[in-house]
Amino acid sequence: MIAPEQIPVRRLVYNSLARIIAPGQVFEVRALNCKNASGKGRPHARRGYFDSDHLSEAAAEAAKLTELTSRGGWGADGVYLTLNPLNPDLLARCSNRVDFSNDGDASGDCHVLNRRWLFLDVDPKKPISGVSASDEEHKASEVVAKAALSSFRDEYGFSPPAIIADSGNGWHLIWRVDMPNDEASCKLLKSFLRSANKAFGNSQAEIDAKTFNASRICKLYGTFSRKGDHTEARPHRQSRIVRFVENPELLSPDVIADFVRKNPVEDENPNGSNRPRPAVGSSPSGERRSGGMTIEERAAKYLWKIAPSIQGEHGSGQLRRAAIVLVRGFSLAVERSVEIIMPWNATCKPPWSEHELLHAMERAKENAIEDFGYLLAVQIERDGVTREQAASVEFGPFDGTTAATAAGNQSSGLISVLITTEEHEAVARVSSNLHRLPGIYQRGGRLVRVIEIFGSEHGIDRFGTPAVQDYPQSVLRTDVTKICDFVKEKQSKDGPILKSVHSPQWLIRSVAEQGVYETVRRLRGVVPFPCILPDGSILKEPGYDQNSGLLLTARVSLPEIPEEPTREQAVAAADALMAVVCDFPFVSRDHASVWLALVLTLVSRFAFSGPAPLFLFDASTAGSGKSLLTDLASLIVMAVSAPKFANSTDDDEMRKRITAIAAAGDLMVVIDNISGSFGTPSLDAAMTADTVKDRLLGRSEIVSYPLNWVVSGTGNNCQANGDMKRRIVYSRLQPAEENPEDRSNFKFPDVRSHVLKNRPSLLAAALTIARAYIAAGRPKLGLQPMGSYEAWGSLVRNAVVWAGWPDPVLTRKQFAAMSDPQATALAELLEGWSAVDPENSGLTAAEILRSIERYPLAGEMISLALQELCSTPSGKLPSARQVGNKLKSIRGRVVNGRKLEGFINRTKTQVWRVVDATSGRLPTAGSAGSEGMVYPQAEIDMGEEEKWDRGESAPADPADPALRFDPNEFADQLEGF
């Protein structure tokens, strides 16, 4: 048996992840209080997001995070993971890596798809916080865990927990559940933990009643728990799973509810505190400061200096600041801080749940470095303005001027802004009145306006399409004088008077950089055409729509569209649209339906969430009409041609263009005249993202913009690089003429004019198809989902098929095959391999080269395939070393249901063979072929106990055999469990 301390961290972590993470699950790895090797700077958090296909990478990152700085690690106090499945879109924040550059945004309850685990944390009670548990305290938590486990099983009918783990300071019991992530489940688990603590907690250990939130993090087993310094009395310990139950039984919510009923606890008060609450206006010490305000009143007032948190705009950072102000700055109790923050929380988008607020307060108390009481000496109220006077002014109690001044200016339509050294009050007053300016919006944490752009900007050609632009500070300074009167207090012979002054530049700059504006309208997108909303209704009236956040910039007189169009009407509408492109030489109807999908995507872009694929129009020769097709779609929907830009193979240049497009809010863009292959990492990422986060062009500022674009591409005989192949729907034009630009005898000789003349009816046809499909209840058609574009497929793709046209995704495989010559070569290699190794006993790289001469027919196929795979000159075979290295790089890749796998024979030689991708596994000892295979290299059998329950498949084993270990290595620790 291996001693636990001798097992490598990475190995322990990997096997912990393999037991917790379900196939397809996305999870967050989070490390707290990481240190710099130099010892300088404050401790900081690190986090990243991973999926089940990258457990080895997650294990490697966790090992680095938990390793001491003296050994090249980050020396984190603790490394954690989220137990429950997260929204896969979170991968776009930091995909399968840990971000070592900044703290980033943590996952929240709103990101959890469902509850998969019930987490019970038994912690010892320590005389002081911030230190590790002593051996006696650690043992005390073990006693409580064993007692609870025995009682759950024998008295309440609980199934055995799937995982029993030593957290390093306490013990964890984790059950497998299947519950929704909703308020009812949250309340049930919250009550369960409180009941469990009442039933089993004692003076030495307790059950943490605060682990009920769905996004709760749990110790990543195998990493170290470091609270305070390591001492003999209070050592740092390595966490580990000590028991894992194969095929765990699901714990029923009814069993949990029955336990709660049999172990009732007192109801909590509405704000989450069980202790008597102080009367409003009092403080724990009864201390009052300037203006007769208590500490709590001063804290509540100071809190409004912090802008409310907005999801996707570093909202967690705003909550953290607010928590530090209350708990550290004003030394308020955690429970009372939660009560005081509630009015501020109501302005957050969305508001935080009560348990999230409680968790933030506790983290501020335990982890923040600010001194307790550091804000107690701050002067909150400006002399000469009473709290009652401030409250009488429009837009809230603390807006920075006197009631008399405000009353005078309100009669003239202007808002008075008193300029004093209390700059935050003037900034807050101006910010709260910005909504009075026509044409001002907020987007991505910035003040913006909408303009029409003609010409080229950042390499993007625009033809009068509406675009979003940052509100220039020079314009903002002029415009605010239309709603505000800036005044200063001056001394005169009759005493102090208020005198109008110019708007200060510092104030305008501060307003422009606030990041959050409570009263300014949020702009989701700009649409110059009537469009479909998620409920199937049509946004027709020009202007800003409060519910959707869309700005409709043009009025179009549409023919009447039925409230609930029939399928026959949808079919007729689709045929009317497709008649526009009847002169284009599509290879087949499959390829033509891609254009119909593009038009429907444009009118439905804000009716579904998530990204849309790239629509690629490819042709065999120039002059086939590719660019005209994209123009026609844009003309039907927007009445102008979509912005265009040339393809770039420079990823940095492509990234800048994508940022410029996102900043402008362009709905449709065309990558025109693609030559050869295309696709860069930035474009790959943007095609599956909802937001773009990048440095602002020409500045060092990092900005975040929503990305609601529809991307089309045109080119001749295009090929796609990397992951771009699976992000494309493909349409091929293949004219029969040598010079297709010389064609005549068109049904619509001037098709642009035809489209513009009939635009209202054509746009109505597109809206009718989408509306009819939604009105029919979005019937499911059984189409194979297109990864990353499920929401698009459930509306647009299904609507195209439902309206009588082929599935626009069908042609994607054709394009993928053309764009991946190595896949074709690999398929030929596997086909030829089967002929030269009919017994499937395995061949070395040298043997496969020798087989080319022995088997002429199959040998020619193998020869050509190896030349393509190894990139050798035509007619020249690669060396055995080149073949071996290439086979290692392509092993495990599935082509036509087969894959290549390697193993080591008894002579320690690398041998290769072809196996079935769905059922084939490499032989283990005792099932040798002609050369006697000993152990697999690329696949590792973890044993029957590793099989997942409910028909799930275990995550793929790592290529590194060092990550495998015996599940019984810790059997000596199971005594009593």
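Over the face of which ring does Arg521 lie? Select Arg521 and Tyr544 together: Arg521 lies over the face of Tyr544, at 5.2 Å from the ring centre, where a charge counts as over a ring if NZ of Lys or CZ of Arg is within 6 Å of the ring centre and within 35 degrees of the ring normal. The model is predicted, so local features need pLDDT of at least 70 and side-chain atom pairs count only at pLDDT 80 or more, while totals for chains, interfaces and linings use all residues. Residues are numbered from 1 along each chain as its sequence is written, and side-chain values use heavy atoms, with hydrogens and water left out.

Tyr441 is buried, with a relative accessible area of 6%, where buried means under 20%, exposed over 50% and partly exposed in between, for a 1.4 Å probe and protein chains only.

Next, select Tyr773 and Trp802, an edge-to-face pair with 5.6 Å centre to centre and 70° between the planes. Tyr773 counts as buried at 0% relative accessibility, and Trp802 counts as buried at 7%.

Then move to Arg19, which lies over the face of Phe244 at 5.4 Å from the ring centre. Finish with the aromatic cluster formed by Phe152, Tyr156, Phe158, Trp175, Phe192, Phe200 and Phe259.

Terms used
Phe/Tyr/Trp six-rings, centres within 6.5 Å; stacked < 30°, edge-to-face > 60°.
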